Structure formats: structure tokens, C-alpha cells
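Subject: Structure handover

Hello,

Here is the structure you are taking over, with my notes on it below. Please look through the chain once before reading on.

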Amino acid sequence: MKNTLTHVRVRYGETDQMGVVYYGNYAQYLEQGRTEWLRELGFSYKWMEANNVHLPVVHLSIDYKQPAFYDDLLTVKTTLKQMPNVKIEFYYEIYNESKQLLVTATTVLVFVNSTTKKLVKAPDYLMEKLREE
């Protein structure tokens, strides 16, 4: 399935006193990966929201294998797990510059109509792009 590589530099404020990335910040790195994954398809969260679709996260699972440190350049590999329906699932791997696997993770998001707040199927424009891949 389609995947994207996103590079993220660890900022000082994302670390603890030992210079280690605080565990809660990895969710933001995953979000950056998803955002770039969508952008490479030609969409953005902002554009989708303007077109009446929100994508809330309903599940997040992270396995921490090794720490990341201040000023590390991380690579977030974001992969679509399967074709979406009312939900879209991603698998992630985060590596440091030495190509060490630091984190694996999954997220599940659902498509929600911005007005009705009801679940909807994945938009046709997204499905068409994914079929082209």
C-alpha cells in the first residue's frame, strides 16, 4: 500500500532533562507523517475539513523500542494498512539517522461529516487517488 517518508528534527522542548524525547510527543510525529501522506496524494486536512470531512483518531497504539534524542533527525514511514471504508488505518515506523528502528505504531481514524457529526464512507476523491497508486 502507499507509504510516505517524513523527516522530523527533534526540538529541545520535546525532550526531558536527559535529552530523551518525551513519549507523548510521538503522537505528534505520527500526525506529521499522516499529514504528509495525505499531502502527497494532493489533499490536506485543511482542504478536507473545508470540504465537510473530519478525521478524528479513534485508536492509537505505540511500541517504543529505543529512545530518540534532542536534535536527532527522524524518519517517519507512514503506510496505509488497507483500503479505507468508514475508517482509515495507518502503520508507522520511526527511524533515527543511523537507521535504527525506534518506534512502531498504528492509528485508526474515522471519516466524519463535519455538519452532521455522523460517520461517512471515505470520500470518492480519496478512493480514486488510492486506486491510481
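In which loop does aspartate 71 lie? Aspartate 71 is in the loop between E3 and E4. Please keep in mind throughout that this is a predicted model.

Backbone points in loops

The reason for starting with aspartate 71 is its backbone. Most residues other than glycine have a negative phi. Aspartate 71 is not a glycine, yet its phi is positive, near 75°. Its relative accessible area is 40%, so aspartate 71 counts as partly exposed.

Asparagine 52 is another residue of this kind: it has a positive phi of about 75° and is not a glycine. This asparagine sits in the loop between H2 and strand E2 (53-54). With a relative accessible area of 27%, asparagine 52 is partly exposed.

The sheet

Five strands make up an open sheet, and their order across it is E1-E4-E5-E6-E3. The pairing is antiparallel. At the edges are strand E1 (3-9) and strand E3 (57-64); each has a single partner strand, so one side of each has no neighbour in the sheet. From one strand to the next, the twist averages 20°.

Going through the sheet from E1, the pairings are as follows.

- E1 and E4 run antiparallel and are joined by seven bridges. Threonine 6 stands opposite valine 76, which is in E4.
- E4 and E5 also run antiparallel, with six bridges between them. Threonine 78 has tyrosine 92 in E5 as its bridge partner. A hairpin of six residues connects E4 to E5.
- E5 and strand E6 (residues 101-110) are paired in the antiparallel sense over nine bridges. Here glutamate 89 has valine 108 in E6 as its bridge partner.

Strand E4 (residues 73-80) is mostly covered, as six of its eight residues are buried. In a regular strand, side chains alternate between the two faces of the sheet.

Aromatic rings

The model has nine aromatic pairs. One of them is formed by phenylalanine 43 and tyrosine 125, with 5.0 Å centre to centre and 50° between the planes, which is a tilted arrangement. This pair links distant parts of the chain: phenylalanine 43 is in the loop between H1 and H2, tyrosine 125 is in helix H3 (residues 124-132), and the two are 82 residues apart. Which of these two residues is buried and which is partly exposed? Phenylalanine 43 has a relative accessible area of 8%, so it is buried. Tyrosine 125 comes to 22% relative accessibility and therefore counts as partly exposed.

Tyrosine 125 also pairs with tryptophan 47, and that pair is edge-to-face, at 4.8 Å centre to centre and 85° between the planes. This pair, too, links distant parts of the chain, with tryptophan 47 in helix H2, tyrosine 125 in helix H3 and 78 residues separating them. Tryptophan 47 is partly exposed because its relative accessibility is 37%.

Elsewhere, Tyr26, Tyr29 and Tyr64 make up one aromatic cluster. Tyrosine 29 belongs to helix H1. Its relative accessible area is 1%, so tyrosine 29 is buried. The C-alpha atoms of tyrosine 29 and histidine 7 are separated by 9.2 Å, while the two residues are 22 apart along the chain.

Rolling a probe the size of a water molecule over the atoms shows where empty space is left. How many cavities of 30 Å³ or more are there? The count comes to one. The largest cavity holds about 60 Å³ of space.

Its lining consists of Arg34, Trp37, Leu38, Tyr45, Met48, Leu55, Ile88, Phe90, Leu109, Phe111 and Leu126. By class, 10 of the lining residues are nonpolar, none is polar and one is charged. Helix H1 (26-41), helix H2 (45-50) and strand E5 (87-95) each contribute at least two residues to that lining. H1 supplies the largest share, three residues.

Regards

Definitions and conventions. Residues are numbered from 1 along each chain as its sequence is written. This is a predicted model: local features need pLDDT of at least 70, side-chain atom pairs count only at pLDDT 80 or more; totals for chains, interfaces and linings use all residues. Side-chain values use heavy atoms; hydrogens and water are left out. On a 1 Å grid over the protein atoms alone, a cavity is a set of points where a 1.4 Å probe fits but cannot get out, and a pocket is an open set with protein on both sides within 12 Å along at least five of seven lines; lining residues have an atom within 4 Å of a point. Grid points are joined across faces, edges and corners, and a volume is the space filled by probe spheres set on the points. Helices (H or I, at least four residues) and strands (E, at least two) are DSSP runs, numbered from the N terminus. Ala, Val, Leu, Ile, Met, Phe, Trp, Tyr, Cys and Pro count as nonpolar, Asp, Glu, Lys and Arg as charged, and the others, Gly among them, as polar. Rings of Phe, Tyr and Trp (its six-membered ring) pair if their centres lie within 6.5 Å; planes under 30 degrees apart count as stacked, over 60 as edge-to-face and the rest as tilted. Buried means under 20% relative accessible area, exposed over 50%, partly exposed in between (1.4 Å probe, protein chains only). Two strands pair if DSSP finds at least two bridges between them. Axes are lines fitted to C-alpha atoms, for helices over the stretch in contact, and angles run from 0 to 180 degrees between N-to-C directions.
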